[in-house]
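I opened the model today to look up how one chain is built and where it touches its partner. My entries follow in the order in which I checked things.

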Amino acid sequence: YRAAIETEKRICGLVATDSCTRWLDAHYDPVANLYTFSSCIGNGDSLVVGDLGTGACNIKLKVYKGTSLVSENTLLDLPTGLVSFHMDQHEPRTPAIAVASGPFIYVYKNLRPYFKFTLPPLEVNPLEQEVWTQAKEVRRERYGPHLHTSCSRRFSFPLGRFLMLDPQEMETYVNLHKQQPLRRQTVITCISTLKKNMAEEDAVSCLVIGAESKDIYVLDPEAFTVLSKMSLPSVPTLIDVTGQFDVEFRITVACRNGNIYILRRDSPKPKYCIELTSHPVGLVRIGKNVVVGCAQETLLSYTQKGKKLWTVYLPAPVMTMGLMDHHTRGFQAVLVGLSNCQVQLYRDKNLLNIVKTPDVVTSICFGRFGREDGSLIMTTKGGGLIVKILKRTAVFDDRDTAPGPPLAQSIRLNVPKKTKLYVDQTMRERENAVAMHRAFQMDLSRLRLASARAYVKALESSLTPMSASLSEPLKMNAVVQGLGPSFKLTLNVQNTAACRPVMNLAVSFLYDEALYSMRPSFFKIPLLVPGLNYPIDAFVECLVDKGISDIIKVFVLQQGKSAPLLTAHINMPVSEGLPLN
Amino acid sequence: MAVTMDPLFLAWSYFRRRKFQQCSDVCSKILQDSPYDQAAWSLKTRALTETVYIDEVDVDQEGIAEIMLDESAIAQVARPGTSLRIPGTSQGGGPSPAVRPVTQSGRPITGFVRPSTQSGRPGTMEQAIRTPRTAHTARPVSSSSGRFVRLGTASMLTNPDGPFINLSRLNLAKYAQKPNLSKTLFEYIFHHENDIKNVSTQFISKTHALDLAAMATEHAQFKDWWWKVQLGKCYYRLGLYREAEKQFRSALNHQEVVDTYLYLAKVYQRLDQPITALTLFKQGLDHFPGEVTLLTGIARIHEEMNNVTSATEYYKDVLKQDNTHVEAIACIGSNHFYGDQPEIALRFYRSRLLQMGVYNCQLYNNLGLCCFYAQQYDMTLSSFERALSLAASDEETADVWYNLGHVAVGIGDLTLAYQCFKLTLANNNDHAEAYNNLAVLELRRGRIEQAKAFLQTACSIAPHMYEPHFNMATLSEKVGDLQSSYMAAQKSEDAFPEHVDTQQILKNLRQHFAVL
């Protein structure tokens with residue numbers, strides 16, 4: 001019996017080395033209708049997703065248990081972040097869900113709304129205050145220029161809107177909002193958690209919030225008061241927190257200006273700054289190092305003090321990133337979702353595994369899902385939900401899978417050999433070089449003459465579809481559409497001058513009146529602005545049913561000139577249809 | 001007094017000398033005297049048929065209606081190599097668009113213009129109804145019946161006093177009993193009775209033909225292969241391809257005929273089953289080894305599926321059987337030309353086609369190009385000169401000037417090149433390649449606005465060409481308009497995904513967009 005188990009293990013071990021079989025496909029629903037990002041997804045016993053919906057509607061907080069949707073709560077605005085955290089010491093230890101949306105944090109407990117927290121309003125500029133009080137009294141004056149010069153930041157509600165209005169609308173607007181005091185509200189851009197004073201898995205955590213006002217707030221989990229406030233030089237977009245609030249912590253923030261700032265306890269300003277060469281797309285911390293995915297298709301790693309460790313060039317742009325932290329095995333790696341439908345797994349700079357997905361992955365979450373510790377949950381661009389389970393026997397070896405010399409090196413190019421005929425002809429060329437050269441030169445002179453004659457003839461009769469005159473550089477081409485007997489003739493006229501418009505132009509047509517009739521056979525063209533294409537439509541009616549066609553000549557004329565500027569000959573297609581009698 | 005010839009014999013003689021008009025006139029006289037003269041009636045029918053007869057096997061063009069309103073399309077995305085609709089790009093070592101120009105549908109252009117090779121299958125209705133006039137990429141006719149209607153009207157013009165046979169008063173059942181009359185009558189109805197005035201009569205005439213054929217088959221106790229083939233032809237014209245297939249198959253069981261194989265292969269091509277058509281051709285070759293038409297059919301299918309190497313192999317087989325097959329020579333020649341062996345192409349064009357007496361603009365044009373690229377400079381320009389003098393239409397003249405422009409670029413005379421490309425456009429306003437090349441010349445002169453306008457025109461005339469898009473991308477990148485450059489580069493990538501320079505531009509732009 002024991003022997004049997006042994007062999008079975010060995011077989012499993014063999015299978016696990018194959019990269020495809022490290023993951024079990026637990027669930028794939030391509031039409032789960034989940035549109036979200038990594039910041040709005042959380043797992044545990046169940047999967048909680050802040051669904052962004054279609055942008056305007058269907059914004060929901062969805063909870064999955066196993067493969068089925070167990071609860072849906074409508075959200076008022078788009079969620080920007082979602083975290084689960086323990087807010088008190090009560091037993092049983094059930095985590096709460098905090099959803100950041102606009103300036104609010106909605107806290108849910110046991111799938112029910114529990115508490116709503118609003119970010120403290122920002123202080124209003126005294127100048128703005130003064131203008132608003134004046135506006136309430138005087139109304140009709142224009143304050144804009146005065147205020148714009150002295151106050152370069154965003155305006156408070158309702159003053160900002162007021163300044164954009166027309167003077168006649170100002171009065172009604174002021175009357176409507178007269179009673180409201182001026183307030184300036186910011187919105188949350190990212191959210192994370194920070195353990196308060198204990199490192200346990202289920203210890204009480206503070207919420208750490210990044211706001212549009214370039215501030216970082218740390219909130220007390222029980223009283224929801226601001227414990228600490230730090231300011232940044234730019235707007236934070238991605239946030240990662242480690243440590244304990246009462247002991248020592250580090251907050252790593254990627255900002256909209258392309259820099260990463262590292263904040264520490266007891267300093268209201270950033271301690272270190274990492275300047276990236278392109279925008280950060282994903283931020284993951286592994287141990288003491290930070291791994292950043294950049295818009296330039298690179299994956300960069302930095303130490304906590306901002307020292308660069310390594311760069312990996314990726315095959316496609318990064319869509320999202322996630323941390324793969326397998327506690328029971330002590331395995332930590334970075335999951336990178338790419339736009340070529342792959343999810344790559346990196347430990348340090350080594351590519352360990354590639355998971356191919358049926359669609360582009362937009363959010364990744366690894367961890368416990370239900371009873372399974374090693375679950376990889378992904379949602380796709382098309383709204384699909386993928387759940388994969390890491391096999392218990394799977395082993396990731398640190399082999400550097402970077403490929404060697406490119407395969408193209410060994411492919412022979414199919415260059416045709418020079419034939420004997422070619423050699424013979426070259427011999428002939430060598431022997432009769434002088435005669436050939438003379439013949440060619442003579443022909444060339446004749447060709448130059450012939451082409452110059454034809455060119456002059458074409459220019460004199462303006463046969464070319466682009467005008468040769470320097471004062472009215474025009475270009476025209478025509479497209480015929482339709483099956484007949486009605487055709488639509490579209491003339492695309494364009495003024496190719498650098499900056500001068502062309503005026504006083506007209507179009508006329510020359511055609512066999514027995515065959516065709518044109519409704520406007522002469523009309524004027526509006527002023528032509530340089531560089532724009534003017535499509536001009538004319539309708540042609542074919543009058544005969546004998547299956548013959550003719551040429552229609554189009555002339556672009558200028559007032560006061562007898563010769564046309566341009567001419568186009570249009571070979572009409574044969575009319576396939578029959579005229580209605 | 002001279003002895004007059006027996007009028008019927010005279011008519012017969014006219015018929016054999018292919019003087020069909022006189023033949024039918026004499027027959028009419030005989031019929032005036034004796035209206036029930038079956039011999040004269042039959043002969044007149046044949047004469048009238050011959051005047052408008054076209055070879056069904058070769059002349060076939062898919063119309064817009066057949067392409068766009070195809071109900072039998074099952075798999076929109078067929079597996080590569082099984083469909084004519086999606087030209088497989090890389091299989092069979094097809095040449096890249098950088099080396100060999102492509103048609104609207106992304107197929108490399110062939111050496112021989114014939115219906116259905118050049119038209120391709122347009123992707124959108126817009127593309128389909130537009131009239132592109134770039135080097136014989138003729139627009140597909142609105143429907144194939146429309147084409148036959150037009151061919152039929154020629155006969156109506158010559159017959160001012162109305163049709164010879166009034167179909168509606170014909171007792172088809174009676175004629176079906178008489179095998180000697182029924183065959184000529186059928187051909188007359190099938191080929192001659194087309195009425196443009198009323199589309200429905202077109203349909204009715206086919207139905208008449210079908211009825212006649214059906215009755216005659218029945219009379220022959222379903223054993224006459226000829227009638228079965230005719231039934232199949234009727235079904236094919238009516239668009240009932242599966243029924244046509246049945247009839248042709250059954251006809252093949254009775255009698256192996258090359259024509260039947262060709263018709264059946266046509267049905268399969270129309271059903272978009274090129275592999276089946278190929279197997280059928282090969283079966284046909286087992287019975288008729290070395291049959292030229294079958295070999296040509298195979299070569300054409302390979303060519304349409306972008307498998308130029310196999311196509312050339314079969315064209316070579318054709319040449320082994322028939323040394324003077326123009327299509328095969330032309331295709332092999334153009335293949336050698338684009339395969340960087342212009343000297344061999346030159347030999348094919350000169351010592352085969354020219355000596356066979358093909359004497360036209362296209363041939364001299366090709367000769368000139370081959371001479372230039374094979375470094376036989378003394379004959380280059382004289383060939384082009386002759387091509388210019390032989391050009392029958394503006395399009396042909398335009399193509400010759402375009403090639404002369406290339407020669408001028410090759411010898412570095414850019415003024416001459418400029419003139420040549422402008423002359424191309426004077427002769428053919430929709431020559432996208434010329435627009436593109438002019439744009440490049442303008443760009444070299446530093447006239448960016450002009451260059452941009454020309455490139456825009458080239459892009460709109462020929463969206464299937466990658467060159468104008470790529471040039472647009474380069475130009476826009478140079479002037480700093482990165483967004484337009486990116487968009488143009490993406491279009492270029494769509495037209496030619498493997499183009500390295502486009503990829504390079506895209507890579508640069510992406511990097512540019514990503515960098516802070």
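I began with chain B, whose secondary structure comes to 26 helices and zero strands, helices being DSSP runs of H or I of at least four residues and strands runs of E of at least two, numbered from the N terminus. The model is predicted, so local features need pLDDT of at least 70 and side-chain atom pairs count only at pLDDT 80 or more, while totals for chains, interfaces and linings use all residues. Residues are numbered from 1 along each chain as its sequence is written, and chains are lettered from A and ligands numbered from 1 in the order in which they are written.

I then looked up burial, and found that 49% of the 516 residues in chain B are buried (20 or more other C-beta atoms, placed from the backbone, within 10 Å of the residue's own).

In helix 3 of chain B, residues 38-52, I noted a reach of 22 Å from first C-alpha to last, close to the 21 Å expected at 1.5 Å a residue (1.5 Å times one less than the number of residues). Among its buried residues are W41(B), L48(B) and V52(B).

Last, I turned to the partner chain: 51 residues of chain A are in contact with 45 residues of chain B, contact meaning C-beta atoms, placed from the backbone, within 7 Å. On the chain A side, helix 7 gives the largest share, 12 residues.

Methods
Buried ≥ 20, exposed ≤ 12 C-beta atoms within 10 Å, placed from the backbone. Contact = placed C-beta atoms within 7 Å.
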